[in-house]
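Subject: Structure for you to look at

Hi,

Have a look at it first, then read on.

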Amino acid sequence: MEDQIKINSFRVDGEGLTLFLTLLIVLTVGYFFFQLNWWITLGLLFLGFIYIKLQQAQLIGNALEVKGSQFPEIFELFKTHKERLGLKKVNLYIRQDPQPNAFTIGFPRASIIMSSSLVENLTLKELSFVIAHELGHVKASHNIILTFINPLGTGIPGSSIIFSFWQRKAEYSADRCSLILTKSVESAITCLLRITIGLELGKKVNLEVYREQLANSGSNMVRVSEAMSDHPLTTNRINKVVSFWKESFIRR
């Protein structure tokens, strides 16, 4: 049996420090400019927790849980990855949604929600990358952090941009976790491409030509534009995935 995967094996450098600085900035701004005292802060956190639990229940109520007798091939992927990470309180669901998407919500029992379009169109290897990515968020406690920082930041202008610096690092960490679990950089690249440009169009991408695009994607303007999103740009994610693959699997 393979050793259990530790968080430090995939967490990107600076993720923890970025989160600490983000919370410090938001709390400082809230206190000095909006008189956001500790009681209001705690109230927001509590209300946010209740809201997340209600949202989680609503999503589960409109979804189908993946089990051994329900989509067994997908369940085996989920079970294997979950055991490698030493996770128990997490379930996998599929809900009807034409948008290719997957996310994790809630704690102490986390729920991974995958859209039907992902399940219908991705290969098992690509689905394995998606599931491992979301489990990486659970292993690193990103779901717990997001449950609390979402209500804290919603009332402070610019907070979404401030939080996005940490959230992008969290995505990179989850991608690394997925690579460690799946050991397939090809599936990671094709999965990210298909989700970004289209599940069918992604099959026709010339990867050699796309590599040239990746080589030219590091301009200053591209880096600045990424600050407007809580997810990294696809070109940056793929570049990071390839770099981590070379460092962790090829150069050993």
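To start with a side chain: does R194 count as buried or exposed? At 3% relative accessibility, R194 counts as buried, where buried means under 20% relative accessible area, exposed over 50%, and partly exposed in between (1.4 Å probe, protein chains only).

Before the rest, some ground rules. This is a predicted model, in which local features need pLDDT of at least 70 and side-chain atom pairs count only at pLDDT 80 or more, while totals for chains, interfaces and linings use all residues. Residues are numbered from 1 along each chain as its sequence is written, and side-chain values use heavy atoms, with hydrogens and water left out.

**Confidence**

The average pLDDT (the predictor's confidence in each residue, from 0 to 100) is 83 for the protein, and 81% of the residues score at least 70. Residues 152-156 fall below 50, and beyond near neighbours in sequence this stretch has 14 contacts in the model; a contact means heavy atoms within 4.5 Å. Where pLDDT is low, the predicted coordinates should not be read in detail.

**Overall picture**

The protein has eleven helices and four strands; these are DSSP runs numbered from the N terminus, helices being H or I with at least four residues and strands E with at least two. Of its 252 residues, 46% count as buried. Among contacts between residues at least 6 apart in sequence, 70% join residues at least 24 apart. The accessible surface comes to about 13900 Å², with 60% of it belonging to carbon and sulfur atoms (Shrake-Rupley method, 1.4 Å probe; for residues, only the protein chains shown count as cover).

**Salt bridges**

A search of the whole structure finds four salt bridges, each defined as a side-chain nitrogen of Lys or Arg within 4 Å of a carboxyl oxygen of Asp or Glu. R194 is in one of them: its partner is E126, and the closest N and O atoms are 2.8 Å apart. This pair links distant parts of the chain, with E126 in helix α5 and R194 in helix α8, 68 residues apart. E126 is buried too, with a relative accessible area of 6%.

Another bridge joins D175 and R237, with the closest N and O atoms 2.7 Å apart. Here helix α7 holds D175 and helix α11 holds R237, 62 residues apart, and both residues are buried.

E15 and R11 also meet through their side chains, at 2.8 Å from N to O. E15 counts as buried at 2% relative accessibility, whereas R11 counts as partly exposed at 26%.

**Helix α11**

**Nonpolar cores**

A nonpolar core is a set of buried Ala, Val, Leu, Ile, Met, Phe, Trp, Tyr and Cys residues joined through side-chain atoms within 4.5 Å. The largest has 43 residues, of which I74, F78, V90, L92, M114, I131 and L135 touch the most other members. Helix α5 gives the largest share of this core, seven residues. Leaving out residues up to four places away in sequence, I74 touches V66, L92, M114, V119, L124, L127 and I131. A second, separate core of five residues includes I52, Y93, I105 and I113.

Best wishes
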